[in-house]
Amino acid sequence: MATDGLHESETLAALRSEAEGLKGKLEEERAKLHDVELHQVAERVEALGQFVMKTRRTLKGHGNKVLCMDWCRDKRRIVSSSQDGKVIVWDSFTTNKEHAVTMPCTWVMACAYAPSGCAIACGGLDNKCSVYPLTFDKNENMAAKKRSVAMHTNYLSACSFTNSDMQILTASGDGTCALWDVESGQLLQSFHGHGADVLCLDLAPSETGNTFVSGGCDKKAMVWDMRSGQCVQAFETHESDINSVRYYPSGDAFASGSDDATCRLYDLRADREVAIYSKESIIFGASSVDFSLSGRLLFAGYNDYTINVWDVLKGARASILFGHENRVSTLRVSPDGTAFCSGSWDHTLRVWA
Amino acid sequence: MSATNNVAQARKLVEQLRIEAGIERIKVSKASSELMSYCEQHARSDPLLVGVPASENPFKDKKPWRAEGAVSLRSP
């Protein structure tokens with residue numbers, strides 16, 4: 001009816017105007033607390049000393065671009081995945097390959113090590129996240145024990161076990177994140193809110209509680225309550241896709257890396273961006289970021305083949321690392337902070353210390 | 001009907017914004033101090049920050065291999 005249509009559009013207009021009002025209020029509240037910049041407060045912190053980082057190991061064996069990697073909690077094993085469909089488990093001390101499995105799809109964009117060290121998860125263009133138990137029995141075919149856990153309607157971009165081998169969190173090109181029970185494959189919770197592909201996620205350090213952060217092609221970073229599925233905070237200051245998000249070790253902040261060639265730091269309790277890590281000379285996207293153990297250093301891999309090391313507090317670049325011969329696509333600091341590993345489109349992984 | 005969807009979506013957005021607008025926040029000065037204090041407390045046990053002797057870092061052992069190029073700059 002004509003009158004119903006009129007009523008609908010009045011309600012819509014009212015809601016839209018309320019939304020605009022709330023957005024304005026949000027900006028106002030955030031601005032009120034913006035009394036100083038992080039790098040200003042950090043002026044009294046001691047400057048970083050000279051430090052040297054070199055490639056200590058090169059892991060060769062993938063036949064195509066390395067897309068993702070993760071450390072085992074034993075601080076020595078690494079799982080990596082590639083465009084060629086292969087997932088490899090390495091002993092990073094010896095550079096030996098301990099396991100290898102070929103996925104039924106190419107572009108395995110995500111992989112993760114289970115907390116127990118007894119399984120790995122991976123997925124990509126198959127739209128799934130599958131779990132493979134790791135066995136040392138040479139007679140066992142790893143692929144035979146594969147279990148499909150997550151099903152999305154577009155590519156899998158990221159996955160992570162929660163604190164146990166029993167649950168996996170996934171992010172997808174379908175714009176959602178989801179929490180799954182590994183044993184049954186059941187969907188436990190889904191997270192809707194991104195307006196485009198979700199590219200990355202990171203779980204809050206366990207002491208901080210049940211939240212995680214995700215970043216996407218909608219330029220937004222969103223913090224979620226895992227139990228309710230609710231988005232609790234959202235940040236939209238990047239100018240392009242967010243490729244990587246990582247919590248600060250205390251859980252009070254997180255960093256992001258983006259195609260806009262910047263990395264940024266968002267403080268969760270101030271509810272705003274508190275630092276931008278950028279230089280005019282850096283014009284290529286940052287693909288992956290991770291903190292050193294104390295949170296003082298932020299390692300960021302870029303599409304210009306370099307790794308920049310940022311002083312998180314002072315905002316300045318502390319070092320630039322060369323070595324990869326193509327884009328750096330993935331980067332993680334080891335669990336005990338003694339080294340970090342980078343993976344690249346040059347088919348290799350490097351361990352730096 | 002798409003009009004109803006629009007209203008439902010708009011309502012969801014308003015609810016979401018209400019949640020986000022309502023959270024408690026602290027000043028950047030306080031948040032910054034706490035980030036700094038965490039760094040300071042943990043600096044000594046951050047191997048990549050302070051460096052550890054080759055004998056304590058399994059990646060820095062004396063195995064002969066080609067340690068390929070990295071340049072460390074102290075740029076402002």
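Two residues are in contact here when heavy atoms of one lie within 4.5 Å of heavy atoms of the other. With that in mind, welcome to this predicted model, in which chain A and chain B meet through 80 residues from chain A and 54 residues from chain B. The briefing starts with that meeting place, moves on to a nonpolar core, and then visits a few individual residues.

**Where the chains meet**

- About 5800 Å² is buried between chain B and chain A, and carbon and sulfur atoms account for 63% of it.
- Three salt bridges are counted between chain B and chain A. One salt bridge pairs B:Arg18 with A:Glu18, where the closest N and O atoms are 2.5 Å apart.
- On the side of chain B that touches chain A, the elements giving two or more residues are α1 (2–21), α2 (28–42) and α3 (47–50) of chain B. The largest share, 14 residues, belongs to α1(B).
- By residue type, that side of chain B holds 28 nonpolar, twelve polar and 14 charged residues.

**The largest nonpolar core**

- How many residues make up the largest nonpolar core? It has 31 residues. Those with the most contacts inside this core are A:Tyr248, A:Cys263, A:Leu265, A:Tyr277 and A:Leu298.
- Both chains take part: at least two residues each come from α2 (38–41), β19 (253–258), β20 (263–267), β21 (272–277), β22 (286–291) and β23 (297–302) of chain A, and from α2 of chain B.
- Which element gives the most to this core? That is α2(B), with six residues.
- A:Tyr248 touches residues of both chains when its neighbours within four places in sequence are left aside. Its contacts in chain A include A:Pro205, A:Phe254, A:Phe291 and A:Val312, while in chain B they are B:Leu35, B:Tyr38 and B:Cys39.
- As a general point, nonpolar side chains in soluble globular proteins tend to be buried together.

**Two side chains beside a backbone nitrogen**

- A:Thr330 sits in strand β26 (residues 328–333) of chain A. This threonine counts as buried because its relative accessible area is 6%, under the 20% limit.
- A polar atom of the A:Thr330 side chain lies 3.2 Å from the backbone nitrogen of A:Met69. Beyond residues up to four places away in sequence, A:Thr330 also touches others, including A:Val66, A:Cys68, A:Ser287, A:Cys341 and A:Gly343.
- A:Ser250 is found in the loop between β18 (242–247) and β19 of chain A. With a relative accessible area of 19%, A:Ser250 is buried.
- A polar atom of the A:Ser250 side chain is 3.2 Å from the backbone nitrogen of A:Asp252.

**Two residues with positive phi**

- For context, most residues other than glycine have a negative phi.
- A:Ala261, though not a glycine, has a positive phi of about 70°. It belongs to the loop between β19 and β20 of chain A.
- Is A:Ala261 buried or exposed? A:Ala261 is buried, at a relative accessible area of 7%.
- A:His347 also has a positive phi, near 80°, and lies in the loop between β27 (340–344) and β28 (349–352) of chain A. A:His347 is partly exposed, with a relative accessible area of 30%.

Terms used. Residues are numbered from 1 along each chain as its sequence is written. Chains are lettered from A and ligands numbered from 1 in the order in which they are written. Side-chain values use heavy atoms; hydrogens and water are left out. Buried area is the accessible area (1.4 Å probe) that two parts lose on being put together, summed over both. A salt bridge is a side-chain nitrogen of Lys or Arg within 4 Å of a carboxyl oxygen of Asp or Glu. Helices (H or I, at least four residues) and strands (E, at least two) are DSSP runs, numbered from the N terminus. Ala, Val, Leu, Ile, Met, Phe, Trp, Tyr, Cys and Pro count as nonpolar, Asp, Glu, Lys and Arg as charged, and the others, Gly among them, as polar. A nonpolar core is a set of buried Ala, Val, Leu, Ile, Met, Phe, Trp, Tyr and Cys residues joined through side-chain atoms within 4.5 Å. Buried means under 20% relative accessible area, exposed over 50%, partly exposed in between (1.4 Å probe, protein chains only). A polar contact is a pair of N or O atoms within 3.5 Å; within protein, one must be able to donate a hydrogen and the other to accept it, and residues adjacent in sequence count only if both atoms are side-chain atoms.
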